[in-house]
Amino acid sequence: MKLKTLLIVVGALVGVLLLSNSVYVVKEIERAVKLRFGEFANADIAPGIHFKIPFAEQVRKFDARVLTVEAPARRYLTIEQKPLEVDSFAKWRIGDVASFYRSTSGDEAIGSNRLLERVNEGLRNEISRRPQYDVVSGERDEFMDDLRALLNEEMMDEMGIEVIDVRVKQIDLPTEVEDAVHQRMNSAREIEANQYRADGEELAIARKADADKQVTVLTAEAYRDAEEIRGDGDAQATKIYADAFDQDREFYAFTRRMTAFAASFSDKGDTLILDPESDFFRYLQSGELP
């Protein structure tokens, strides 16, 4: 009885072991191949639950998502032999599972390193055919698209890798070149600033001269107008005096003498000696005009 129970338990364990080695699951984010004694039995297994022959067949799974490989900064020379420090990256995924497994034995690191080598080689070739301006801003997107298309074709044929994108993160000048470039930029800006300053001074001088001219003209016109007004006033005053003189010549003459007397005492210390019989005193005594 005990032996029969033991055989049942052993049989159940063997069945569970065989079942666990017969059923496998491929997720939506995975790609898989089935090998039978080391040879391909199924080169691209669809996601889902599948069966395999225990111990005779083996399943290898790979990440089907888009992967990113980043290249460290490297120095490249443009067509003018100007150095540039370039940081880049590439995005890729497994396009042909069988080809990828044959070339890398399923090791993603091997695929990333091989792609990284090709990216660096492609950047070197593309940058060496272009001037610095086109690499930095002018045609960078265009030649990066060309590089992606070329790498995708090569890597798919060789390793079953689909290259999704290749991009440059940053482009810098080498340290030894950067200082010289900054000096040239500063010199150019200084020349431009001096030109603006000279133009400003020239404009300021012209405007000051124009303002001085307008001041002179306005002053002359104001002086002319003042003289004309003063002349008109003098003429009117003379006419008034003449009219007054014609109305009462004796009173006019007396008023003129009184004005002269008043003008003579412009200072409190002035002294005027008059004859008591003069017209002035006779007027003060009698109240009548002489």
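Biologist: What is the order of the strands in the open sheet, and how do they pair?

Modeller: It's β6-β7-β8, three strands with antiparallel pairing. Keep in mind that this is a predicted model.

Biologist: What makes β6 and β8 edge strands?

Modeller: Strands β6 (67-77) and β8 (161-172) each pair on one side only.

Biologist: How do you know that β7 and β8 pair?

Modeller: Pairing takes at least two bridges between the strands. Ten bridges join β7 (residues 83-94) to β8, so the two count as paired. They run antiparallel, and R93 stands opposite E162 in β8.

Biologist: Now for the helix. Why is the span of α3 called close to the expected one?

Modeller: Helix α3 (residues 108-128) has 21 residues. The expected span is 1.5 Å times one less than that number, which gives 30 Å.

Biologist: What makes D107 a cap for α3?

Modeller: A side-chain oxygen of D107 lies 3.0 Å from the backbone nitrogen of A109. A polar contact needs an N or O pair within 3.5 Å, so this pair qualifies, and D107 caps the N-terminal end of α3.

Biologist: Why are residues such as L115 and L116 in α3 called buried?

Modeller: Buried means under 20% relative accessible area. L115 and L116 are buried, therefore they fall under that cut-off. Other buried residues of α3 include G111, V119 and I127.

Biologist: Where in the protein is confidence highest, and where is it lowest?

Modeller: Confidence is highest in α3, at a mean of 88, and lowest in helix α8 (residues 279-286), at 59. The mean pLDDT of the protein is 78.

Definitions and conventions:
Residues numbered from 1 in each chain as written. Predicted model: local features only at pLDDT ≥ 70, side-chain atom pairs only at ≥ 80, totals over all residues. Heavy atoms only, no water. Helix = DSSP H or I, 4+ residues; strand = E, 2+ residues; numbered from the N terminus. Buried < 20%, exposed > 50% of the residue type's maximum accessible area, 1.4 Å probe, protein only. Polar contact = N/O pair within 3.5 Å; in protein donor to acceptor, adjacent residues only side chain to side chain. pLDDT = per-residue confidence, 0-100.
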